[in-house]
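Hi everyone, thanks for making time this morning. I'd like to walk you through a protein model, so please have a look at the screen.

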Amino acid sequence: MLPKTNIIHLPVYQPGKPVEDVKRELGLSEVIKLASNENPYGFSNNAKSAMIEEMSNCNIYPDGASVELTAAIADKLNVSTDALIFGTGSSDIILMTARAFLVPGDETIMADETFSQYKHNAEIENATIVEVPLKDGKHDLPAMLSKVSDKTKIVWICNPNNPTGTIVTHHELSSFMKSVPAHVLVVLDEAYGEFVYDADYSDGVSMLKDYTNLLVLRTFSKIYGLAALRIGYGIGHPDVVRFINQVREPFNTTRLAQTAAKASLADDAFITYCREKNVEGIRYLSEQFDRLGLTYFPANGNFVMVDVKRPSPEIFQALLHRGIIIRSRWTHYPNHIRVSIGTLEQNKQFIVALEQVLQEVTV
Ligand SMILES: Cc1ncc(COP(=O)(O)O)c(C=O)c1O
């Protein structure tokens, strides 16, 4: 018995190591996870109360079309309700988009390095992967454009990019959109968009009126702090959204997730608080990296990628033994680690540990 040949080589997704595993394996009582770009400030109290109330309805299937949440987001973003699709996290929208659009032999273009799930899902569909190296940690949009052919179906752009944290500017993105042929779907993943302060960034939703071949992805897992509930969404032309809807599982988002997401949308104060704390955290870590003589990519999301000038797996292990979980191991960045922005206390503990580890692991 064999599966499809094109999935045999695929790895199982390796998430950031869970805190419980590290505590057990290393006999540590205190462990800080700065590995999955989660929100260290929790989530909105509005969401908590709404979920408690909704719990009594758990015997009833959710609304497959997420009608109330759709209306709330359509209102907030000023888009039509048929421009929205929800998923079990934005990962599910990536999966469904690949499933709806890619057949074997289609080409799909993405950066190298970027979020792993674009490639993973395209490989499952047996599409031909065209990877374009980052330039100074940034998407090289002109180079990506030069790879577009008659066979290209999807171009993936992660803005800010995971793992580097860099952004493409509004100007760069709009030049790209103007030049890319209309038969190519551009998926713009804005999982970390709400954290960005740079004035040159503008979100993709403002471009949707000009381009029918643009699909913007958002998530409630990051700034909204609802990672465990698994809810994200796509915004695009109603025809694109309908195709994706055709491959969607009937009840792919839960009652609790829909309820919590809708309640979170009404709590702007929580989002503002998280944005401000995050930028303070970026400022603190940047100052500390400068002090330690380490270079890093400009951070625009809730994480920083820093060059530790030593093999990153060794730094990962040494930090792990001090109870700090980060991410490492990128093919093109063997000496970089990615650390999520934690609370000020967590950031300080990370820096204390990093400083010790840098002395322990020689260059
Ligand atoms: C760039 C990017 N896109 C999408 C996701 C998926 O997030 P979720 O499925 O939790 O919405 C992540 C998760 O880390 C991410 O980094």
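A word on names: helices (H or I, at least four residues) and strands (E, at least two) are DSSP runs, numbered from the N terminus.

Before we go on, some housekeeping. This is a predicted model, in which local features need pLDDT of at least 70 and side-chain atom pairs count only at pLDDT 80 or more, while totals for chains, interfaces and linings use all residues. Residues are numbered from 1 along each chain as its sequence is written, and side-chain values use heavy atoms, with hydrogens and water left out.

Back to phenylalanine 243. Its relative accessibility is 36%, so phenylalanine 243 counts as partly exposed. The cut-offs are these: buried is under 20% relative accessible area, exposed is over 50%, and partly exposed is in between, using a 1.4 Å probe and protein chains only. What does phenylalanine 243 touch, not counting residues up to four places away in sequence? The partners are Ala100 and Phe101, where contact means heavy atoms within 4.5 Å. As for isoleucine 315, it sits 72 residues from phenylalanine 243 along the chain, and their C-alpha atoms are separated by 45 Å.

Now let's zoom out. The protein has 12 helices and 11 strands. Its radius of gyration is 20 Å, close to the 21 Å from the globule rule for 363 residues, so the protein is as compact as a globular protein of that length. That radius is taken over C-alpha atoms, and the rule is 2.2 Å times the number of residues to the power 0.38. Along the principal axes, the C-alpha atoms fill a box of roughly 55 × 55 × 50 Å.

How much of the protein counts as buried? Of the 363 residues, 54% do. If you take contacts between residues at least 6 apart in sequence, 74% of them join residues at least 24 apart.

Next, a residue from the inside. Threonine 97 belongs to helix H4, residues 90–101. Its relative accessible area is 0%, so threonine 97 is buried. Leaving out residues up to four places away in sequence, threonine 97 touches Leu102, Ile154, Trp156, Leu185, Val187, Leu215 and Ile244.

Helix H9, residues 255–265, is mostly covered as well: eight of its 11 residues are buried. Among them are Ala257, Gln258, Thr259 and Leu265. What do the buried residues of H9 pack against? They pack against helix H2 (45–54), helix H3 (67–77) and helix H10 (268–291).

Neighbours within four places aside, lysine 23 is in contact with Leu28, Ser29 and Val31. Aspartate 150 lies in the loop between helix H6 (141–146) and strand S5 (152–158). With 76% relative accessibility, aspartate 150 counts as exposed. Proline 181 is 31 residues from aspartate 150 in sequence and 9.1 Å away in space, C-alpha to C-alpha.

Last topic: aromatic rings. Rings of Phe, Tyr and Trp (its six-membered ring) pair if their centres lie within 6.5 Å; planes under 30 degrees apart count as stacked, over 60 as edge-to-face and the rest as tilted. By this rule there are 12 aromatic pairs. One of them joins phenylalanine 115 and tyrosine 118, edge-to-face, at 5.8 Å centre to centre with 75° between the planes. Both of these residues are buried.

Why is the pair of tyrosine 192 and phenylalanine 303 edge-to-face? Because their planes are at 70°, with the ring centres 4.9 Å apart. This pair links distant parts of the chain, 111 residues apart: tyrosine 192 is in the loop between strand S6 (185–189) and strand S7 (214–219), and phenylalanine 303 is in strand S9 (residues 303–307). Tyrosine 192 is buried at 5% relative accessibility, and phenylalanine 303 is buried at 0%. Finally, ring pairs link Phe86, Phe220, Tyr224 and Tyr233 into a cluster.
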